[in-house]
Amino acid sequence: MPTASTPETSATGTSATGASVHEGAATVARPSPGARIGWAWVLLSSIGIAAFAVTPYLTASLRELGEAGTGLAGHYDGQPAFVQVAFSVHIVFGGFALVTGPLQFWRGLRDRMPRLHRWVGRAYLGAVGVGGLAGLAIAPFSQAGLVGFFGFGALAVLWLVSGWRGYRAIRRGDVANHRAWMMRNFAFTYSAVMLRLWVPALLVLQIPFAGEGGFDFDASFANAYAAVPFLCWLPNVVVAEWLIRRRGLPSYVVASAPVARVSQPRRRASAAIGSR
Ligand code: HEM
């Protein structure tokens, strides 16, 4: 019997390990230990990064934080007022989305308190909307320059679009597509965690390549920061799509009918070759 602490499970009745249990008339998946550990990691890392990266910005003005060398405060302190406002708004709403997102994948909570799931979901999507628009506004001013503009800009658009698709799906009662889109959407939210794991990892990776003058932290940081606007979210999407397929949820199809029509004669041809 799934407990209240069970994370996300399959809509089709088969768990990640293929095991399924019957609960009343419905077949309900029993999450594997791996799925539970994965969810616990996502929850704890999200809370940890929200506390570590967001909280400092709530304690003082951008000017004071910039002088203290906190995060990107110094960079944004010199930007136009609307960028500074968007930066602060982005951090607050992004932090909210990061902390509430994992709770939505907790099946026990969804089953026991569906109203809470709906209200937290609305708040989460609202935070994605505001945080995404603010992210879009600050992307052209990114410390990573043009790479930051394209990487964070694309992330912001995908964050907004996936949230909208998830919302539209549940409004028309399409639970499977809602779950798939919300998994994709949270993969984008989770970029906030991955960014802060990739930067130190890329710094460490550069240590063996230090020149005669020793390890140049500023140059290495600039290298790492040039990669993360894309690296913080691209692998997440691949993992999300893999999880979506593993759970039997509707996976993203880039091309369908035209390819099928084109491949038809080829299949016949290869069948003919095979039958020789
Ligand atoms: C998923 C869509 C997101 C986009 C498009 C996005 C975009 C951005 C951009 C463009 C910056 C400025 C980076 C720079 O100047 O180089 C930034 C910084 C920041 N974002 Fe996000 N972000 C997203 C999600 C989040 C989330 C979920 C959080 C929650 C923790 C968050 C928290 C922050 C923080 C704290 C900073 C300041 C970083 C620092 O001080 O080092 N962001 N974001």
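Trainee: Which helices each supply at least two residues of the shell around the ligand?
Mentor: This is a predicted model, in which local features need pLDDT of at least 70, side-chain atom pairs count only at pLDDT 80 or more, and totals for chains, interfaces and linings use all residues. Residues are numbered from 1 along each chain as its sequence is written. Helices (H or I, at least four residues) and strands (E, at least two) are DSSP runs, numbered from the N terminus. The helices that each supply at least two shell residues are H1 (33–54), H4 (81–100), H6 (114–138), H7 (145–171), H8 (175–189) and H9 (191–206).

Trainee: Which residues around the ligand are the closest?
Mentor: A residue is near a molecule if its C-beta atom, placed from the backbone, lies within 6 Å of it. The ligand is surrounded by 29 residues, and the closest are Gly71, Gly94, Gly135, Phe152 and Ala192.

Trainee: How many charged residues does the shell around the ligand have?
Mentor: Asp, Glu, Lys and Arg count as charged; Ala, Val, Leu, Ile, Met, Phe, Trp, Tyr, Cys and Pro count as nonpolar; the others, Gly among them, count as polar. The shell has 17 nonpolar and 12 polar residues, and the number of charged residues is none.

Trainee: How far apart are the end C-alpha atoms of H7?
Mentor: The expected span of a helix is 1.5 Å times one less than its number of residues. H7 has 27 residues, so it should span 39 Å. This agrees with the distance between its end C-alpha atoms, 38 Å.

Trainee: What covers the buried residues of H7?
Mentor: A residue is buried if 20 or more other C-beta atoms lie within 10 Å of its own, exposed if 12 or fewer, and partly exposed in between, with C-beta atoms placed from the backbone. In H7 the buried residues include Phe152, Trp159 and Leu160. Two residues are in contact if their C-beta atoms, placed from the backbone, lie within 7 Å. The cover over the buried residues of H7 includes H6, H8, H9 and helix H10 (217–231).

Trainee: Is Phe150 buried, partly exposed or exposed?
Mentor: Phe150 belongs to helix H7. Because Phe150 has 15 C-beta neighbours inside 10 Å, it counts as partly exposed.

Trainee: On which side of H1 do its buried residues lie?
Mentor: The buried residues of H1 are Ala35, Ser46, Ile49 and Ala50. They cover an arc of only 105° around the axis (the arc is that of the directions from the helix axis to the C-beta atoms), which puts them on the same side of H1.

Trainee: Which residues are exposed on the other side of H1?
Mentor: The buried residues of H1 pack against H4 and H9. Exposed on the other side of H1 are Pro33, Gly34, Ile37, Trp41, Leu44, Gly48, Ala51 and Phe52.

Trainee: Against which helices do the buried residues of H9 pack?
Mentor: In H9 the buried residues are Ser191, Ala192, Val193 and Met194. They pack against H1, H4, H7, H8 and helix H11 (234–246).
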